[in-house]
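Please have the sequence and the 3D view open as you read.

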Amino acid sequence: MKIKLFFILLLTGMGISVFAQNEGQEGIVFMENQPWSEVLQKAKEQNRLIFMDCYTVWCGPCKGLAKDIFPQKKVGDFFNANFVNAKYDMEKGDGKMLREKYKEYIIGFPTLLLIDQNGNVVHQMAGYHKADELIAGMKAGLEGKTLAAMQKKYESGARDFETIRDYVAALNGAFKKDEIRNILTDYLKIIPVEKLQDRDMWTLVGRYVVDPYSEAYRYVFDHIEKFQYRLDVDRYRLESQLEGGMSNAVKEIIEVTNRTTNPDTLKMMADRETRLREMLEKNTVKRFPTLLCKLTINDYRLKGDALGMYNMLNFADQLNILNYESAFRSATYRYIVCHVRDKKILNDCLKTLIALQDQESQAKSKLITQNYYDVIALTYEKLGQKVKAAEAKEKFEQLEKEKKAEMAKFFNLGEKDEK
């Protein structure tokens, strides 16, 4: 009886041991920080690519992958069946050598590489990825849709939808966002705008429709309801996207015309403004009235019409059109104060500026507030009130000093400066 019991316990123990071993190996089985030569040799023997996790001990996303993604069964099933898996701390042992060897591919941590049996990188990803994203990205590399291969195909002139889609996917996995923006911005210039109503096309390029001078932007603007109802595009997000692009274009016109008197440049900006106004005046998109108002005030400035600027600014304030445009409003009041002599207008400006400053002073953080005291000081000076002008100037300097101190504190620079 004792012998039977012994064997039962032995078999049960073996079962538990095997179960525990399998349980522990559900995820990716790595050769961790082992000699690189051994990893290469194993890849040659098994005729497989090497999947290499480049990590550091202080990297949060690296820890996230190791804890939440690599141990998953579906991840382990895919990677264990297709690759020799290795991981290296890039700050010790062979990891330091590999970091130097593959430094052009390691843009940050974690970096995830596919390397052939000769030690050449054929595919790369970077950052934290969910399980399905990681599998899809490395599966693309396994199928030949590597970043290097897609780049070569793109540079050879291929511009079909599938090539662009796969190339962008590879770039996205490698966290090369700037390259994606450039490629899709160029791609938007060559596709028929009607293609934007194709769901797959919109998913690929939609977020890059931001240039209000482009044919694609105008097409989306003219057909915004179709995108909203046919493609179920979020209207709020789409309007925010269109407004963002238009805002940058308006800002460019104002900034350029403020710093140049070149006739050719001014004519070019005027032509651009005409194109923008055609859309702005339709008031289809949120905050377009604000941008139209800013252009109108800027036009008065170009004509030297400070009174026109003043009247337009009052009109805008009555309708709250220039909310959240504190810097622009401050610059506008500065121009008006510098170019008018009418004391009634100057006093009206002063009253408004003080009210605006009172609103700003109630904000909890100096980092995001507008300091109007310099324009208030200028207005007092124009009115001949030198004492109050000096007081306002002193308050301006005090607030600027406080803002710098708060900024240093926010970015944790204070202690470094003391050292």
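The report below covers cysteines, a helix and its packing, charged pairs, a loop residue and a surface patch.

## About the model

This is a predicted model, in which local features need pLDDT of at least 70 and side-chain atom pairs count only at pLDDT 80 or more, while totals for chains, interfaces and linings use all residues. Residues are numbered from 1 along each chain as its sequence is written, and side-chain values use heavy atoms, with hydrogens and water left out.

A disulfide is a covalent bond between the sulfur atoms of two cysteines. Here the term is applied to a pair of cysteine sulfur atoms within 2.5 Å, and the structure holds one. The partners are Cys-59 and Cys-62, whose sulfur atoms sit 2.3 Å apart. Their link is right-handed, with 85° about the S-S bond. Cys-54 is in no disulfide, and its nearest cysteine sulfur, that of Cys-62, is 9.1 Å away.

Helices (H or I, at least four residues) and strands (E, at least two) are DSSP runs, numbered from the N terminus. Helix H4 spans residues 73–82, and its buried residues are Val-75, Gly-76, Phe-78 and Phe-79. Contact here means heavy atoms within 4.5 Å.

## Salt bridges

Side chains of opposite charge can pair when their charged atoms come close. A salt bridge is counted when a side-chain nitrogen of Lys or Arg is within 4 Å of a carboxyl oxygen of Asp or Glu, and the structure holds 23 of them. One is formed by Lys-74 and Asp-132, with their closest N and O atoms 2.9 Å apart. This pair links distant parts of the chain, with Lys-74 in helix H4 and Asp-132 in helix H6, 58 residues apart. Lys-74 is partly exposed at 42% relative accessible area, whereas Asp-132 is exposed at 52%.

Glu-278 and Arg-218 also meet through their side chains, at 3.3 Å from N to O. They too link distant parts of the chain: Glu-278 belongs to helix H14 (residues 263–280) and Arg-218 to helix H11 (residues 215–222), 60 residues apart. Glu-278 is partly exposed, with 44% relative accessibility. Asp-186 and Lys-189 form another salt bridge, with 3.8 Å between the closest N and O atoms. In that pair, Asp-186 is partly exposed at 39% and Lys-189 is exposed at 65%. Salt bridges also link Glu-243, Arg-287, Lys-294 and Glu-325 in a network.

## A buried asparagine in a loop

Which residues does Asn-371 contact, leaving aside its neighbours within four places in sequence? They are Gln-357, Phe-396, Leu-399 and Glu-400. Asn-371 sits in the loop between helix H18 (343–361) and helix H19 (373–382), and it is buried, with a relative accessible area of 6%.

The side chain of Asn-371 makes a polar contact with the side chain of Glu-400 at 3.2 Å. A polar contact is a pair of N or O atoms within 3.5 Å; within protein, one must be able to donate a hydrogen and the other to accept it, and residues adjacent in sequence count only if both atoms are side-chain atoms. A polar atom of the Asn-371 side chain also lies 3.1 Å from the backbone nitrogen of Tyr-373.

## A nonpolar surface patch

Met-407, Phe-410 and Phe-411 form a nonpolar patch on the surface, with about 350 Å² of accessible area together. Patches are made of residues with over 30% relative accessible area and no salt bridge, with like charges joined within 9 Å and nonpolar side chains (Val, Leu, Ile, Met, Phe, Trp, Tyr) within 5 Å. Accessible areas come from the Shrake-Rupley method with a 1.4 Å probe, and for residues only the protein chains shown count as cover. Phe-410 lies in helix H20 (residues 386–410) and is exposed, with a relative accessible area of 56%.

Note on methods
Buried < 20%, exposed > 50% of the residue type's maximum accessible area, 1.4 Å probe, protein only.
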